[in-house]
Amino acid sequence: SAGRATVTGRTPGATAEQIGQWRARLAVNREGVLYEDGFVQVGIKSQFQGGRGRLQVFVGNKQDDTITDFAFKLSFPPGLQGGVSNVPNMVNKKQQISFEVQVECVGAFAGAPDLDVSLRCAGEARVMSLSLPIVVSKFLQPSGGVAALSLGEWDGRWGRLAGRPPVPVPVQDKWLMESAIKSLLSVGLSAAVADPFPGGVLSFGADSVLYGAAGPMSEVLAQLVLDKATKVVTVAVRSDNEVLRTGVEAVLVGALSGGKR
C-alpha cells in the first residue's frame, strides 16, 4: 500500500521499494522491521485488543558514533488517536533504545500515521519520512459463525453490503498455497475464515468487525479467489463503511503485491 518512503541525508538510505516491503509486511504482522540502513534499525512489536493498541519501538544504533538529536514524531489521521512517550534523544554507539506508542481507534480511518524519524550521527543529519503501519485492519476482530456459513448464507450477507469491482493481483509463488491465504486473512485481518467454497477456483471468505474504544462499529467481508494457473489472487472487499472497505482492500493488495501497490 502507498505510504511515505523518503530519506534525506548525505549517505543513501533504504530504497522506497524496500521501505514499502517492510511496511506491507508489518501491516499484516505483529512484529518486524520498519526501517534499516547503515545507521539505524527500527523494529516494531505490537499488540492490539479491541479498539486499542500498543507498539514497542526498538531503535538500534549500528554506528561507532553516538546518535544525537533523535526524534520520533507522529501525525495521526482522523479516526485514530495516540501518542508516543519517553523517547530518548540519544542512542549510544552499538546500543539499542526502546519506547512505546499507544493508539486508540475512534472511527474508521484511511491510511496510516505519518512518521518522521530524525537524528544526527557521524557528522550527518538524517530524516526518514515514513508511515507507521497502524492501519484500520489492526482493529478488527473475528465475526462469529462465518466458518459454518453455507454458500447461500455467505452470498446473502455479501449481497447486503456495498463494494467495488474486485482487484486482480499478480502474486509470487508463496501466495499460491492455501495456508498462506488463510493466514493472511486470519492473522492479517483477525478474521473468521471460511474454508474454500466448492468449485474450480479456491475462494476464501473472511468476516471481521471493526472495534473502536467504545465497542463494535462496522462489519467487513473479504473474499480472496486464488487462481493457481495464472498466479493471480483476486481481492474483493465489502462493508457497511466505505472508509473501512477501502482500508482493508489496500492492506490485502499491499500484502499480496509485496508493497508494490
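## Phenylalanine 70 and phenylalanine 99

In this predicted model, phenylalanine 70 and phenylalanine 99 are both buried. The structure holds five aromatic pairs. Phenylalanine 70 belongs to strand β5 (residues 68-75) and phenylalanine 99 to strand β7 (residues 96-105). The two residues are 29 residues apart, and their pair links distant parts of the chain.

## Phenylalanine 109 and phenylalanine 139

The ring centres of phenylalanine 109 and phenylalanine 139 are 6.0 Å apart, and the pair is edge-to-face because the planes stand at 70°, over the 60 degrees required. Phenylalanine 109 is in the loop between β7 and β8 (114-121), while phenylalanine 139 is in the loop between β9 (124-131) and β10 (140-142); the pair therefore ties together parts that are 30 residues apart in sequence.

Phenylalanine 109 and phenylalanine 139 are both buried. Together with Phe48, they form a cluster linked by ring pairs.

## Glutamate 249

Glutamate 249 is located in helix α4 (residues 242-256). Its relative accessible area is 16%, which is under the 20% limit, so glutamate 249 counts as buried.

The side chain of glutamate 249 makes a polar contact of 3.0 Å with the side chain of arginine 245. Beyond the neighbours within four places in sequence, glutamate 249 is in contact with Val167 and Val237. Valine 237 is 12 residues away from glutamate 249 in sequence, and their C-alpha atoms are 6.0 Å apart in space.

Terms used. Residues numbered from 1 in each chain as written. Predicted model: local features only at pLDDT ≥ 70, side-chain atom pairs only at ≥ 80, totals over all residues. Heavy atoms only, no water. Phe/Tyr/Trp six-rings, centres within 6.5 Å; stacked < 30°, edge-to-face > 60°. Helix = DSSP H or I, 4+ residues; strand = E, 2+ residues; numbered from the N terminus. Buried < 20%, exposed > 50% of the residue type's maximum accessible area, 1.4 Å probe, protein only. Contact = heavy atoms within 4.5 Å. Polar contact = N/O pair within 3.5 Å; in protein donor to acceptor, adjacent residues only side chain to side chain.
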